[in-house]
Amino acid sequence: MNMLQFLGSLELGLLYGIVALGVYLSFRVLDFPDLTVDGSFPLGAAITATLLTLNCDPWLAIAGAMIGGFIAGLMTAWLNVRWKLLHLLAGILTMTSLYSVNLRIMGQSNIALVEEKTIFTGIAAGPLPLLSIIVLVIILLLWRFLRSEIGLAMRATGENPKMALAQGICTSRMIFLGLGISNSLVALAGALFAQSQGFSDTTMGIGTIVIGLASVIMGEVFVSRSRILLALAACVGGSILYRLLISFAFNVKEFGFQASDLNFVTAFLVALAMILPRLRKRADA
Amino acid sequence: MIHLHNINMVFYPGTVLEKKALKNINLTIEKGEFITVIGGNGAGKSTLLRVITGDLFPTRGKILINNQDVTTTPPEKRARFVSQVFQDPRAGACPNLTIEENMALAVMRGKKRGLGMALTPFHRQQFQEALASVKLGLEGRLGTPLGMLSGGQRQAISLLMSVLGPSEILVLDEHTAALDPKTSSSILKLTEQLIAEKKLTVLMVTHSMHQALLMGSRTLMFNEGKIVLDFQGNERKKLNEEELLKIFKQKINEEYTGDEFILNN
């Protein structure tokens, strides 16, 4: 692996680290397996790319993406909370509908950003420093939020909804808020992806949830779940580690992988990471 | 304080599984009363509690708390008035959250939650003192995840949590049934101590005739979804366990005499 590939992995690791933080919020904090992610990631990219082609300020374009992601999360929460649809199905329905929405927003299946001014334009050091700062700020904000009164109520909702209700917590409101924030983070990642990689494509969301989940699980190998700040940092760490591993696997010619094998390898890694603890438990027993 | 008017609760209405869990329950509970509730399995005791906490909405009837109609008020809104301790020590708290985080959830019960920090030095001080008062040796362990504690310790914390908020009504659903006898009696002692301190209105379901008579000021007996006996005052004081058990068996048999008559002939 050369330096360029390493930096590229780091950049993607940070970008998808934000996805992992969003997935952590839905999967781990709320215990809600939310598949909306596969739609809200390209949604963020689509909104940003479209706004940029309209000469919108790049930061405003990111804000627009986050609002779009928040609404997508509310949609899934509404289907689940209000109409009692299975959480997985609610996410799949929103995700599927977003595929059409994204095409409508962009008006075409992909947009290349060449001339447009992005938040990374004119930074000689490349997107890495700015991305690192953004990720750091998000981690600190989430850390603060999860220790607030509402944040604690959200954690209780995921862990023991019956107890949360008994303590006067409106659990459905927590699911709305949590999925909204989660998907606005994922859309933010999509928006930053479009701005740093210079394109948006309707198919770019496929497998986002699996990558996010892989990052969360890989991070958890190293830290305990009860320390919030560590758990949040581990999501990003796991995401970077995942990119490095993938980059390594694809660089070793002997493995014989090609770029199109990425999704298979990712799914394989996630399955393996989930099977291993069970095998270990059985070996102990 | 609590008024139940003609409460009916029917599960699976119109199907072969239809079950009338509560039949025309009328009950007035005064402020400061401590009621023990007994009855066989499926008699309607737990259903009554769930109707009061808002976990279930009655099929028919009306519930007033402090003269306010709460018949269809969801449980999270009713938590301002009513706090509860569950039978299962795991049900009343979050195992992955720390002791202080669980207590911080309880202290905000019935209040508006915002973005302020859930745990402040003031809270920690308050929790520390509350833990010290129950002498379980937990006061130095605010940061311990609740899942690390024993069932009895968890139930003690659940009790403490139930009296942290502003609620005046406490609902206990066989909260010592899952504990060993020794732990159970110390939890019951703590229950009485906290209830007396906070002057709470209490409904306690129990399977033990002994507890039912020993604790509280009034005893209700449920059978087949109806209140079949309501003892208080001197009448209750004169009663002992054997007599109560005898009455209990008698009452259950009365309900079945019709069937027995048919079977015997």
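These legends go with a set of views of a predicted model.

**View 1. Chain A as a whole.** Start with the overall picture: chain A has 11 helices and 2 strands. Read from the N terminus, the elements of chain A go α-α-α-α-β-α-α-α-α-β-α-α-α. The C-alpha trace of chain A spans about 55 × 45 × 30 Å along its principal axes. A compact globule of 285 residues would have a radius of gyration near 19 Å, and chain A, at 19 Å, agrees with that.

**View 2. Inside chain A.** Here's how chain A packs against itself. Among its 285 residues, 51% count as buried. Take the contacts in chain A with a separation of 6 or more: 79% of them come from residues 24 or more positions apart.

**View 3. Where chain B touches chain A.** Chain B brings 25 residues to this contact, and chain A brings 20 residues. On the chain B side, helix H2 (75–78) and helix H3 (99–107) each supply at least two residues. H3(B) gives the most to that side, with 4 residues. Sorted by class, the side of chain B that touches chain A has 14 nonpolar, 6 polar and 5 charged residues.

View 4. Now zoom in on E7(B), residues 169–173, a strand that is mostly covered, with 5 of its 5 residues buried. In a regular strand, side chains alternate between the two faces of the sheet. In E7(B), B:Ile169, B:Val171 and B:Asp173 point one way. B:Leu170 and B:Leu172 point the other way, and all of these residues, B:Asp173 included, are buried.

**View 5. E7(B) and its partner E6(B).** Strand E6 of chain B covers residues 82–85, and it pairs with E7(B) in the parallel sense over 4 bridges. To find your way around, look for B:Val82, whose bridge partner in E7(B) is B:Ile169.

**View 6. From E7(B) across to E8(B).** Strand E8 of chain B takes in residues 201–205; E8(B) and E7(B) run parallel and are joined by 5 bridges. A handy landmark is B:Leu172, which stands opposite B:Met204 in E8(B). To get from E7(B) to E8(B), the chain passes through helix H6 of chain B, residues 181–198.

Conventions
Residues numbered from 1 in each chain as written. Chains lettered and ligands numbered in written order. Predicted model: local features only at pLDDT ≥ 70, side-chain atom pairs only at ≥ 80, totals over all residues. Contact = placed C-beta atoms within 7 Å. Nonpolar A, V, L, I, M, F, W, Y, C, P; charged D, E, K, R; others polar. Buried ≥ 20, exposed ≤ 12 C-beta atoms within 10 Å, placed from the backbone. Pairing = 2+ DSSP bridges. Right-handed = clockwise from strand over helix to strand, strands pointing away. Rg over C-alpha atoms; globule rule 2.2 N^0.38 Å.
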